[in-house]
Amino acid sequence: MTAAKTATVTVRPVAARSTRGAGRGRLSGRQQLVLQLICLAITATVLFPILWIFSLAVDPRNVSRPDSLIPPGASLDAFARVIAQPTSDDISLLELARNSFLLASFVALFSVGIGVLAAYAFSRLRFRGREVLMITILGVLMLPAVATIAPLFIMLNGVRLDLPLVGHVALRTSLIGVGLAVVSGTLPFAIWNLKGYLDTIPKELEEAAAVDGCTRNQSFVKIVLPLATPALAVTAFLGFVAGWTEFYFVSIFLNDPSQGYTLSLALNKMVGAFGQTPWSEFAAFSILFAAPVSIVFFFFQKYIVGGLAVGGVKG
């Protein structure tokens, strides 16, 4: 009897403590209301610019400031005009999109292809000058892209390509040259992002593969790369976005639509002097320009954010 009473007295405080601990995680009605209002305010702040641009696109009055979200006489004529003739240059929207896609794909593949090799070397190998090289790459990553335009312009302008039906042309005046210039800025980020992720992959997996007879190259291809797929996807996506939205190098390196004008350059050419910008077409072009990347990010945002979070923390 005494033991039973003691057991009962011992259990009651534990149950009380667990009940009090569970109650601490609950929010009161007032706290929930405040939290919901904060979330609604953030949502409104994010959606307002999008609604503003869409209102401009469907407004036939061609005004720079919409006075309502649904303007009078709203129509999609601006989208039709942009698709038919995006700029005054003799180039179609499909050609602009193709050039942007080729540039973005080149940047993504090149950044990931070289970045994962360099990241694996920094993550697994110990060699002389490793720390100096890592600090150098970090310094290049902190350098703004505008500061590299002049040296890259001179360097790429000195490289000549012998193309059929065209002859000798400077590498600078081609999408390949622009892609190499963009890669010079995205590659340092790719290396650091992928290195952070590769550090989280246990080395014991490669050691076990070596015991079974795998070479370092085989373990890299069959073990490391499959495990690093989330980080590779994130790095490729961010490189694709960098190439898709690139404007500085395209505007300075290319002189003619036949050299490979992109969507970003065509969008900038719609801005007119002295307030002559066709705001409806400009807004419609902006939506068409941002829609592909936005849709991809919407569907894969969980993997993108997750890959960035894992790649930034070792453990």
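Asp59 counts as buried, with a relative accessibility of 2%. Here, "buried" means under 20% relative accessible area, "exposed" means over 50%, and "partly exposed" covers what is in between, using a 1.4 Å probe and protein chains only. You are looking at a predicted model, in which local features need pLDDT of at least 70 and side-chain atom pairs count only at pLDDT 80 or more, while totals for chains, interfaces and linings use all residues. Residues are numbered from 1 along each chain as its sequence is written, and side-chain values use heavy atoms, with hydrogens and water left out.

What does Asp59 form with Arg61? The two form a salt bridge, and their closest N and O atoms are 2.9 Å apart. The term stands for a side-chain nitrogen of Lys or Arg within 4 Å of a carboxyl oxygen of Asp or Glu. Arg61 is partly exposed, at 39% relative accessible area.

## The whole protein

The protein contains 13 helices and two strands. Both kinds of element are DSSP runs numbered from the N terminus: helices are H or I with at least four residues, and strands are E with at least two. Of the 315 residues in the protein, 34% are buried.

Now for contacts, which means heavy atoms within 4.5 Å. Among contacts between residues at least 6 apart in sequence, 69% join residues at least 24 apart.

## Salt bridges between helices

How many salt bridges does a search of the whole structure find? It finds five. One of them joins the side chains of Glu281 and Arg81, with 2.5 Å from N to O. Glu281 belongs to helix H13 (residues 279-311) and Arg81 to helix H3 (residues 77-84), so this pair ties together parts that are 200 residues apart in sequence. Glu281 is buried at 15% relative accessible area, whereas Arg81 is partly exposed at 42%.

Another salt bridge brings together the side chains of Glu206 and Arg124, at 2.5 Å from N to O. Glu206 sits in helix H8 (residues 203-211) and Arg124 in helix H4, so the pair links parts that are 82 residues apart in sequence.

Asn62 is in the loop between H2 and H3, and Val63 is in the loop between helix H2 (29-58) and H3. Asn62 has a phi near 55 degrees, which is a positive value in a residue other than glycine. Asn62 is partly exposed at 35% relative accessibility, and Val63 is partly exposed at 24%.

Val63 is 214 residues away from Thr277 in sequence, yet their C-alpha atoms are 9.5 Å apart in space. Leaving out residues up to four places away in sequence, Val63 touches Leu56 and Trp279.

## Nonpolar cores

A nonpolar core is a set of buried Ala, Val, Leu, Ile, Met, Phe, Trp, Tyr and Cys residues joined through side-chain atoms within 4.5 Å. The largest one has 46 residues, and those with the most contacts inside it are Leu96, Val178, Phe249, Phe253, Leu263 and Phe285. A second, separate core has 13 residues, including Val112, Val224, Ala228 and Ala231.

Asn99 lies in helix H4 (residues 93-124). Apart from its neighbours within four places in sequence, Asn99 is in contact with Ile91, Leu175, Gly260, Tyr261 and Thr262.

## A bend and a helix pair

Where does helix H7 (residues 175-198) bend? The bend is at Gly185 and is about 35 degrees, with a proline, Pro188, following within four residues. The bend at a residue is the angle between axes fitted to the seven residues ending there and the seven starting there. H7 is mostly covered, as 18 of its 24 residues are buried.

Helix H9 (residues 216-227) packs against helix H10 (residues 229-244) at an angle of about 65 degrees, and their axes are 4 Å apart. H9 contributes Leu225, Pro226 and Leu227 to the contact, and H10 contributes Thr229, Pro230 and Leu232. Those residues divide into five nonpolar, one polar and no charged. Axes are lines fitted to C-alpha atoms, for helices over the stretch in contact, and angles run from 0 to 180 degrees between N-to-C directions. In this count, Ala, Val, Leu, Ile, Met, Phe, Trp, Tyr, Cys and Pro are nonpolar, Asp, Glu, Lys and Arg are charged, and the others, Gly among them, are polar.
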